[in-house]
Amino acid sequence: MMTPVTIVGAGLGGLILARVLLVHGIPATIYEAEPSAAARTQGGQLDIHSDDGQLALEAAGLTDEFRAIIHEGAEALRVLGPDGTVLLDDPADDGTAGRPEVLRGDLRRILLDSLPDEAIQWGRKVSGVRPLGGGRHELTFADSSTVTSSLLVGADGAWSKIRPLLSDATPQYVGTTFIETYLYDADERHSATAKAVGGGAMYALTPGKGIVAHREAGDILHTYVELNRPVEWVAGIDFTDAAAAITRVAAEFDGWVPALTALITDGETAPVPRMIYTLPDGHRWDRVPGVTLLGDAAHLMPPSGDGANLAMFDGAELGKAIAAHPDDIEAALAVYEAAMFPRNESFAADAREILELCLGDRAPFGLIDFLTSAPAGERVGAGQP
């Protein structure tokens with residue numbers, strides 16, 4: 001009998017893993033803290049890369065479903081100056097970039113629909129986990145119930161409850177915070193701003209600060225205001241007072257053209273701070289029987305358009321490794337980790353470089369140089385956490 005897999009976290013990586021295992025006839029159960037699939041919105045738009053995210057969806061047998069949710073034309077990208085001057089305009093609408101855009105919520109939906117209802121147990125927040133020996137672990141949930149795993153996978157993100165079984169590393173703040181806002185019915189109600197953003201992603205950047213927006217399906221402009229600021233600056237803003245928080249954040253962009261600052265001042269949702277954390281460079285662990293990690297739980301890095309793709313690829317590669325070694329779980333985990341560690345170290349270095357290009361001393365021209373010199377299919381993503 002194949003070893004059943006216990007997955008903590010119903011994000012994209014955990015869902016891909018469960019789906020690939022299902023394709024290979026291997027039982028798996030996901031335990032998710034959220035009470036239901038509709039408990040919260042699932043973030044913005046993602047560019048899905050041909051060399052990892054799309055390969056993961058292919059391994060999951062979901063390529064056709066993925067193609068059906070692509071937001072055509074959203075690969076367009078432009079860079080503006082604070083005065084609205086267009087510094088770079090790349091329509092990227094001919095399909096050559098290899099990174100079609102989809103809404104994270106749509107992608108999660110096709111993954112959820114591909115799994116039997118019983119594969120996911122909602123409202124099961126892990127409060128603790130302990131080894132029992134022989135590769136087995138006991139998970140305790142917030143309601144004091146427990147389950148025992150024979151093979152445990154932490155797909156539970158930056159603040160993973162499973163990671164301490166393998167590593168004492170903890171995420172550290174990198175000194176950058178993204179503040180999230182939305183505009184709706186953009187073409188009709190915010191026409192100047194919609195024109196400035198264009199048909200895809202828009203970057204307006206200077207050293208230490210910037211406004212990044214993305215046009216999403218449904219005439220939505222989804223914005224991340226990016227600021228290099230210390231923890232104390234973020235803590236000093238009362239984000240429960242939306243009007244005061246908007247005023248404080250907008251003040252950082254005094255003198256910028258109104259078509260850009262409207263992405264802050266006209267925001268139709270309360271601004272939400274997303275402090276950017278990373279795990280240490282080269283984060284690895286020694287092989288521990290019966291447990292491993294994927295996605296942000298394993299290799300949290302600055303947002304660069306790669307995070308969701310890497311989580312999905314991790315899930316697919318782990319699923320394939322388990323299927324290839326159904327009678328030797330430790331061999332499967334060793335094969336997976338041996339490939340995952342160096343692969344994601346390289347991406348983490350790239351992510352740090354992209355954050356520096358966006359907000360470093362040469363912003364925005366460092367980013368422009370990168371974009372204009374990068375081969376087709378290697379363009380930076382919208383940088384959503």
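## Two helices side by side

Let's start with a pair of helices: the axes of α11 (residues 307-324) and α12 come within 8 Å and cross at roughly 155 degrees. That makes α11 roughly antiparallel to α12, a label used for angles over 145 degrees. Axes here are lines fitted to C-alpha atoms, for helices over the stretch in contact, with angles running from 0 to 180 degrees between N-to-C directions. The helix names come from DSSP runs (H or I, at least four residues; strands are E, at least two), numbered from the N terminus.

The crossing of α11 and α12 is right-handed, meaning that the near helix is turned clockwise from the far one by less than a right angle. On the α11 side, the contact (heavy atoms within 4.5 Å) is made by Leu310, Phe313, Asp314, Glu317, Leu318, Ala321 and Ile322. From α12 come Ile329, Ala332, Leu333, Tyr336, Met340, Arg343, Asn344 and Phe347. The residues of this contact divide into 11 nonpolar, 1 polar and 3 charged; Ala, Val, Leu, Ile, Met, Phe, Trp, Tyr, Cys and Pro count as nonpolar, Asp, Glu, Lys and Arg as charged, and the others, Gly among them, as polar.

## What kind of model this is

This is a predicted model, where local features need pLDDT of at least 70, side-chain atom pairs count only at pLDDT 80 or more, and totals for chains, interfaces and linings use all residues. Residues are numbered from 1 along each chain as its sequence is written, and side-chain values use heavy atoms, leaving out hydrogens and water.

## The sheet with seven strands

Helix α12 (residues 329-359) also lies across β12 (172-183), β13, β14 (209-216) and β15 (220-228), at about 70 degrees to β13. Those strands belong to an open, mixed sheet of 7 strands, ordered β5-β4-β13-β14-β15-β12-β16. Strands count as paired if DSSP finds at least two bridges between them. At the edges stand β5 (86-90) and β16 (272-278), each with a single partner strand, so one side of each is left without a neighbour in the sheet. Neighbouring strands are turned by 20 degrees against each other on average, direction ignored.

Inside this sheet, β4 (residues 77-80) and β13 (residues 201-206) run parallel, joined by 4 bridges. Leu80 has Ala204 as its bridge partner in β13.

## The sheet with three strands

Another open sheet has 3 strands in the order β8-β9-β10, with antiparallel pairing. Its edges are β8 (126-133) and β10 (146-149), each with a single partner strand, so one side of each lacks a neighbour in the sheet. The twist averages 20 degrees from one strand to the next.

Strand β9 (residues 136-141) pairs with β10 over 4 bridges in the antiparallel sense. Which residue of β10 is the bridge partner of His137? That is Ser149.

Methods:
Parallel < 35°, antiparallel > 145°, perpendicular 65-115°, else oblique.
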